[in-house]
Amino acid sequence: MAPKTLWTDEYTLLCERCGYVVEGLATDGACPECGKPIAESLPERRVGTLWQQERDLNTLFATMRETLFSVGYTLWCLRADATSARSLRTATIVMSVVIAAWPAFALTEFTLRMNGAREPYTGFQSAMLWIAPLSAPLVLCIVLQALTWTEARGLCFLSARRGFRIDRTLANAICAHGCVGWFLASAGTAIGSTLLLASTHADGSTYEQGNEWVWLAYGMGLIITGGSLLLGFFFFELFAWLGLRRCKYANRARTGSGASNPSTPHP
């Protein structure tokens, strides 16, 4: 059974730290429950990330960089916005799956070489080198979309169970920014697969005796490829969990003519 909430609607002004209803209290004061300044919980303080303010290629990469290296600030200014969340999720996943075409090709050729394939390849082997980079992005796109959608629904479920105020719009915004983890995984896998491919020869021979550089490329390729996949998934999950904790009582501006000033006490 979900905990009983104290707010009347999704616009009721709450302390974003403890969930105490501070609507009607002076905005220059502090939350009576936890002492957090009320000004830090006002909805207009959530100005949105750079992508939410203006959507172009520069803000896309700036938002991804900010999400990776300034998680706390990103969640502090992030706002519930369905349009920007949908476009950010789409842009990040599309870039991730496009990059994934190269690792799919490199890992396929690496596998063929490791299994003794020699150039020129047979018809089946050549077909695999074409099929892998063409099919992998499509499959990956479906998988990443499914994982992101599932995570957003999970945030809504946990929010309802714990008495938080994260709805579908805010959950989608959190997960859309967390999708930078998918980009991180794809980029890292591209580097790792390149090193793996470089550690083999076109004639299928590998690991020349006494050639430390070949061993180094092979080892680093394995570490970077596997580590990037784990790191990308871990970052996505971590960002979603932090979003649940940091945005559980996030406020949003009232809309419509009936909007009231939260700094003015009710009669």
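**Aromatic pairs, a buried threonine and a nonpolar patch**

Ring pairs join W182, F233 and F236 into a cluster. The model is a predicted one. In total, 7 aromatic pairs are counted. F164 and Y249 form an edge-to-face pair, with 5.8 Å centre to centre and 80° between the planes. This pair links distant parts of the chain, 85 residues apart. F164 lies in the loop between α6 and α7 (168-178). Y249 lies in the segment after α9 (212-246). F164 has a relative accessible area of 12% and is therefore buried, the limit being under 20%. Y249 also counts as buried, because its relative accessibility is 12%.

F233 also takes part in a surface feature. Together with V139, V143 and L147, F233 makes a nonpolar surface patch of about 310 Å². Helix α6 (residues 123-162) gives the most to this patch, contributing 3 residues. V139 is placed in helix α6.

T49 is found in the segment before α1 (50-53). The relative accessible area of T49 is 0%, so T49 is buried. The side chain of T49 makes a polar contact with the side chain of H177, at 2.9 Å. Leaving aside residues up to four places away in sequence, T49 touches T63, T74, C77, L78 and H177.

How values were computed
Residues numbered from 1 in each chain as written. Predicted model: local features only at pLDDT ≥ 70, side-chain atom pairs only at ≥ 80, totals over all residues. Heavy atoms only, no water. Patch = residues over 30% accessible without salt bridge, like charges linked within 9 Å, V, L, I, M, F, W, Y side chains within 5 Å. Areas by Shrake-Rupley, 256 points an atom, 1.4 Å probe, with all protein chains shown as cover. Salt bridge = Lys/Arg side-chain N within 4 Å of Asp/Glu carboxyl O. Helix = DSSP H or I, 4+ residues; strand = E, 2+ residues; numbered from the N terminus. Buried < 20%, exposed > 50% of the residue type's maximum accessible area, 1.4 Å probe, protein only. Polar contact = N/O pair within 3.5 Å; in protein donor to acceptor, adjacent residues only side chain to side chain. Contact = heavy atoms within 4.5 Å. Phe/Tyr/Trp six-rings, centres within 6.5 Å; stacked < 30°, edge-to-face > 60°.
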